[in-house]
Every structure is written in structure tokens, then in C-alpha cells.
Amino acid sequence: MMDSIAAAWRIRDFVPGEGLAAGAALGEGEGWIPAEAPGDTYRALIAAGRLEDPYRGRNEAAAAWVRDREWWWHSTLELAPSQPGEKLTLVFDGLDTFADIYLDGALLGQAGNMFRSWRFDLSDVAPGAHALAICFHPTAAMVAGAPLPAWSSFTDRISRSRRTLMRKAQFGWGWDWGPDLPTIGIWQPVHVERRRSAVVRSVNFSTLSIDDGTAQVTAEAELSGSAEVVFELIDPDGVTVASATRHGSGGVAMTVPDAKLWWTADLGGQPLYTLVARIEGAPEHRTRVGIRTIAIDQSPDPDEPGTTFFRFVLNGVPIFAKGSCWVPASSFVGAIPDTAYRDLLARAVEANMNMIRVWGGGIYEPDLFYDECDRLGLLVWQDFMFACAPYPDNDPAFVENVRAEVAEQVARLRHRACLALWCGNNENQAIQFFDDYVKGVQTPLAGLSFYDELIPAILGQLDPVTPYWPSSPWGGPTPNSMRGGDVHNWTVWHGIPLVPDADPVGAYETAPEGVAFTRYAEDMARFVSEFGLQGAPDIGTLRRWMAPEDMVLGSEGFLERIKDVADKASAMMAPVTGAPATLEQFVDFTMMAQAEGLKFGIEHYRRRKPHCSGALIWQHNDCWPCVSWSLIDYDGVAKASFYSTMRAFAPVMASFRRDGDAAELWITNDGLTPVHGEVVVALVRLDGGAAWRKTVSADVAANASACIWRGTVIDTPDHVLTVRSPDGLFPDNRLLLAPIKALALTDPGLRVTGEQVDGELRLTITADRYALAVRLRSDEADLRFDDNHFDLAGGERRTIIVIRTGGGAVSPDSVEVTSWNERYPV
């Protein structure tokens, strides 16, 4: 007989305080509905027909009652007979959030942090069937009497949810891209742990140095008791390459000859070793690890006096971090399918990214997320879960709760090859700084001791090797200063003043010229860990989730999908495409402006290499179907910006820099070998042909950026400046010489032919005249295109491969191919 907890739980709601008297601890009474654990209360209610899907139509507000009820989850625990000396523990990996746990109607214990596991001793419980129940209390009610830390900028928003007083995913109470749907329930696995001896609780693995192919590493184990532990390191081919033994918790040093190094996807392979920790009488602990060093270079920049670098150094090589910020893949965090993680992370690599930033207002992601980053070669910037708010570090119970959370998450993730940085929070110091600056005061930040004392102390004990950063943004004389550290650039879009030195310069802007993406050119930051513009999701995604009567620009149902100030999009579109007249135009125009803006920003930041050494886009993904800053919408459809990012993040990038009537061509090379070749620069007529073409030699050192050509250009709506590599060194690129809305585009004469080969659809597209933003779209959200939203000059041809996720044939009739010229003729 094995221990078991039924995966099919039952849930029932009550007026707060009434469930226990009604027999809920024993599963008595009627009105129970089925649920899965891990799972989500909202999803269970939808499946039972008690709740309309909050993602559909205008249903978000109609789900508000869920947070105010008392929710009971009930199942049956089957315990097998124990062996002599065996200790049994009931383990909840994640309870969201304030919970009382009952066994056979008796209180077993309590929980109060969704970011921690909770363990309860079952050693004295008889074998057989037992009623297991969890009472989840309304979260806001549990902290209703506690005082809020003062912070006027966010007082109203925080007062409504009191989110900073609980250890719970902060975004669930609503954000400027997410709905107000705070979750409740069992969101991580539940299991019974049996042991008769000490067991390995967690391991760490660090690479201290690599010299002439030989790596010096340390392996460490945290044990539940005193025992001898044997470490064995097995290489990717299954060969044991190092071993060591110690007694009790702690670490050992090992030497690994001919070490196979772990690199990011753009620089090399991702060989993973297996670290085995064995204790006699206990199951062996096996962990996948990578041999690599990681550090942050903050040395003075000799070419820009008064500034310091902020660049990640992987295996001794300074890298440019190309990536995006990750938010939870659904508001219903307990019900995110594994396929969503695998797809979204694989597409980060497809977009030539080498880093993902896990944002501090979401969740510590599950092991699968980090498994995939290890496997794919994506570095992880890991925020601790504090965001945009003050936190009560003067409350002893809250502090101890945070201490346990941080220690557990560090112990869980510290061995990861992908882990590049621990970060204390998202924007807390920066918001306090800007708020104080406007008011002319200096206010102590509630929560500062977490980032300056508690977290560094725990990292010093459990993970002293991985770099730590107190906040994002941080560095320089003040938060968000361009002189050092990382910057969040919200001058573009939000109109927040830049901070060239210690103080913000300029006023808060709302006019189109004040928030235009061309202002990225003013940003001399060392590392940009947030920047972005909003773009609508695919029109098909909106149709799948919105009511037909709301598919109108300005409708209430559509505006509910925009959680930021809706007029900001108008300021972004005005200088690029002009104002939209229909919802379909809003989708196209915001997508185009977002794509062009991110292209402009990425090119600027990468040209500044090494003075700027990172560009992380806000944001990678969505938690629900909405208008947001994401590159990929909730249904998995990539926006135009995904493809412009993919090209701008290519290992070798060609880009133009405009300087008055001059244009410079730069080659940026992130590779470890020099780039040599010839490139073709042309002034192309939009109605066909070229005014001139030049062949230019490109010789750029490894890991460098250089200007290789300079010429004269003038503003004109009839031409575009292009660059291409006959040898395919980089993706084609262009510089528009007039706003998109002013271009003299003509019918491009597109021709499309298709063939199906081994389950793929191959579409060959040819243009007679310049085709702007050739778009392939489908109402089938599971189709994937290897390129999209690209330009074709007259006489050019491109073959695009279309596949279906999970396999299956793709019909040519399912894909529509058009260009901007055809959709918006002059």
C-alpha cells in the first residue's frame, strides 16, 4: 500500500467563519464541486458552471465575489502502515494564502505565505483513510486591521487590496496589464514524505574558477540530520568525473578536468552534468547542474568618465544581455500548463534572447521553468517577490515569514546553471526616490532592511557566489541614474524624466513628442532592464475572448482590456501611423508602433556596446487576453514586435543611426569570433529599383560594435535606406526616411506560392515593388511562423516556414498574406 492523496479534490464556499460549524472539515454537507490540486478555484467554478470565465467578455468584475468567501478544499488521505522509526510528514508545496489545515476534523496547523512550503508531522497518525481539509480565508480580511506603510504614490491602490501586508503574488490584485483576480487555493503539489534517516533537503553547486579547461567547483548539501553524504559528479556522457565525501550539511571542493562549459544559447552549448548526493538508507538526490562562472563587471568605463559598466561576465566573457521580463503566464497561477512554459521559453531563444527577468510582482516560478532555462541556455535575472510598494519590515512576524520564504527559495534555486542574479525587488527604491524628489522630501523606505540586510545575509550563508543586486533599477548616485547599474526607461510611453546623473531632468511628459520612441536615443544607460511600448494582441485573439458587440474601437468591453491609460497609445501612434478609425486599425497601428519602437531602442542600446550591456524588454508574455507591452499575446500569437525583436537581437546586427542629414551603418557583433564580409547598402525606391547601391567591407572584432559606413541622406517619402548581407551574416535592415503614415507606398505586386513538405507549409512570397511589413496571419492560434512582419524590396523573394505546435498539417488556406501597402493604400 502506498500513501496517496486524491488528485480530485472537492471545494465549497461559505460566508467567512461559517464553514467549520457546517462540517466542512470533514467534507460534510452539499454544494461541493470538483477541483484539481494543484489547481485554481476560479477554474473549478468555471468548470462547474458557477462562474462565467473572467477572461471572456466583460466578466472580470462579476468574479469579485470569489475573493470575499471562505473556501474549503477537501480530499482523502490514504496512509500506508509505517515502518519502525519512520517519520511521516505531510508537505504542501504551495497554499494560497491564509489557510487552516484539518485532519479528521482536528486542526493540524496553519499557513500564511503562498511562496513557502508547509510541513506537518503525521508520525502519530494511524494508517488508513483520513479526511484532509483546508480552509482558505479571504486574504484582505486577514490583514484588514494592520496598518499600511505610508507611501502616497500607491496609497489608494494598496489600500484597496492591502497586498503589501501578505506574502502573495502582488499582480493578482490588478496591474497596468493584468486583471483584478486574486487567487485562492492549493496551487502547488501536496505529498507525504517518509524517512527513517537523514535526507538531502537541497543542494548547491558553484563553479569557482575555470583555468585551461579545468574547473574548480563546490558541491554542498543541506541535510535533515547528521549523516555521511557522498557526492558524485557525472558528465553529460554518463562518466563520473569527480567525487567527494563529507559528514553532515556543508560543502566539498572538486576538480573537473576537461570541463564542458555551459553557455547561453547565442554563444555555445548547454551541457548539463548530474550531481548525485547519497546518504545510506535514503533515496539519492539527483540534480542537473552546469559548469560556468557568472559575475557582474562594475569597473569604471574609461571611455565615458564618471560612469561604471554593468555587464554580466559569463565564463570570463562580457556579454550583452538580450531578453525580456517575464510575468506569470496566467492570472490563475496554479493552473498554468507545462506546454505554456515550454513554448514561451523556447520562443525567447527563437527571438535570439539570452536572458529572462522574473519580475518581482509575480511568483517564484516552478522547477519546470528553470529546467527549461538550463536546457535552452537562458540566463535568469531573479527578482524576489516585492514590487512597487513599501513592505512592513517593522512587523516581527512578517519579517520571519519573509526570512523563511527567502531561505527556501534560495535553497531551491541556487544550484541552477541559468541563475545569473538575485535582485531584491522591482522599483521600490526608485519609486520612493521619484516620489520624494517631486515633493522635496526624504522618506525612509519601508522594507529597505529586507533588501539591504535580510536577503544579503541569507545569500551570504546559502549562495555567496551568485551576484546580488538590491533592486531594479539601482546603481549610480540615485536609482535609475544612467551613470551606473541598471535603468528602467519609462520616458518612452509613460513620460517619466530621464536621470542622466543624480537628479531627473525635465518634466513628466504626455505629448507625442515627449513620449516618442525616438527618445530612446537620449538614453545613455549602462544596462536597461525595462523598456517597452504597448501593442494590441492579434485581432483573432480579441475575437476569441471578446463579445462580438464589443469588437468596436472605444467599446466598454475593449477598454476593459487596457489596464493602463488608454490615451497613451494615441500619443505613441500619432507620429508613426496616425490615429486609427477601427479596432482592426488599432491592432495594426499599435503593433506597428511597438515593433518600430522596440527596433529603434534595441538598435540604439546595442550600438553602444560595451558602454551599454543589456536590453530587457518589458514584457515577454501576458497573463490574460489584453492590450499590453507583451511580445506574445495570451493565446500564444506573436505580435509584430516579436519579429522585429528577433531581428534586432540577432547575434550579428546591422543598424543605421541617423545624425541630421547623415546616416551611419553600424555592425554589432555579439559573437566570440570576428565578422568579415561585404554588405550592400542601397537607397531603394518604394515604387521599384534603387537610386544607388554601394558595397561596403565589414570587419568587426569579436564582441564589439563599430561604424563601417557613413553617408548623406535626406528625408523623403519615396525611398528607404537598406542594408543586406549577401553571405547572410545578419538579417536585412532598413532606415525609413519618413514616418510610416507619410510613405509613398504603392501596390507591391505580391505573389505567394505554397507547398507542403514533411508537415510544414512553405510559403514563397515575391514582391515587384517595395512591400512594407508583409504579414502572415491566421485565425489558428497554434500556427508558428519562422519569420513575419518583414519588408521585401522590389524583386526580392522570401520563403517562410509555417508549422503547427504539437504537429499536424497546415493548410495554405489558413494563412492570409498581405503587406501594409495593401491594407493601407495611399
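**Figure 1. A salt bridge between Arg823 and Asp588.** In this predicted model, Arg823 and Asp588 form a salt bridge, and their closest N and O atoms are 3.1 Å apart. Arg823 belongs to helix α15 (residues 820-823) and Asp588 to helix α13 (residues 583-607), so the bridge ties together parts that lie 235 residues apart in sequence. Is Asp588 buried or exposed? Its relative accessible area is 9%, so Asp588 counts as buried.

**Figure 2. Asp791 meets Arg734.** Here the closest N and O atoms of the salt bridge are 2.8 Å apart. Look for two strands: Asp791 sits in β42 (residues 790-792) and Arg734 in β37 (residues 733-736). The pair links distant parts of the chain, 57 residues apart. Both partners, Asp791 and Arg734, are buried.

Figure 3. The salt bridge between Lys322 and Asp670 has its closest N and O atoms 3.0 Å apart. Which parts of the chain does this pair tie together? Lys322 lies in strand β23 (residues 321-326), while Asp670 lies in the loop between β32 (662-669) and β33 (675-685), so the pair connects parts that are 348 residues apart in sequence. Lys322 and Asp670 are both buried.

**Figure 4. Helix α7 and its cover.** This helix has 12 residues and reaches 17 Å from its first C-alpha to its last, close to the 16 Å expected at 1.5 Å a residue. How many of its residues are buried? Nine of the 12 are, which leaves α7 mostly covered. Among them you can find Asn428, Ile431, Phe433 and Phe434. The buried residues of α7 pack against α8 (448-462).

**Figure 5. A nonpolar patch at the surface.** Stay with α7 (residues 428-439) for a moment, and find Val438 in this helix. Together with Tyr437 and Tyr508, Val438 makes a nonpolar surface patch of about 330 Å². Why does Val438 count as exposed? Its relative accessibility is 58%, and exposed means over 50%.

**Figure 6. Two cis peptide bonds.** Most peptide bonds are trans, so the next two are worth a look. The bond from Asp96 to Thr97 is cis, with omega near 0°. Thr97 is in the loop between β6 (95-96) and β7 (98-103). Another cis peptide bond joins Trp618 and Gln619, and its omega is about 10°. You will find Gln619 in the loop between β30 (614-617) and α14 (640-648).

Figure 7. Most residues other than glycine have a negative phi. Asp104 has a positive phi, near 55°, and is not a glycine. It lies in the loop between β7 and β8 (106-112). With 39% relative accessibility, Asp104 counts as partly exposed. Trp493 also has a positive phi, about 85°, although it is not a glycine. Its place is in the loop between β28 (487-489) and α9 (512-515). Is Trp493 buried or exposed? Trp493 counts as buried, because its relative accessibility is 3%.

Definitions and conventions. Residues are numbered from 1 along each chain as its sequence is written. This is a predicted model: local features need pLDDT of at least 70, side-chain atom pairs count only at pLDDT 80 or more; totals for chains, interfaces and linings use all residues. Side-chain values use heavy atoms; hydrogens and water are left out. Patches are made of residues with over 30% relative accessible area and no salt bridge: like charges are joined within 9 Å, nonpolar side chains (Val, Leu, Ile, Met, Phe, Trp, Tyr) within 5 Å. Accessible areas come from the Shrake-Rupley method with a 1.4 Å probe; for residues, only the protein chains shown count as cover. A salt bridge is a side-chain nitrogen of Lys or Arg within 4 Å of a carboxyl oxygen of Asp or Glu. Helices (H or I, at least four residues) and strands (E, at least two) are DSSP runs, numbered from the N terminus. Buried means under 20% relative accessible area, exposed over 50%, partly exposed in between (1.4 Å probe, protein chains only). The expected span of a helix is 1.5 Å times one less than its number of residues. Contact means heavy atoms within 4.5 Å.
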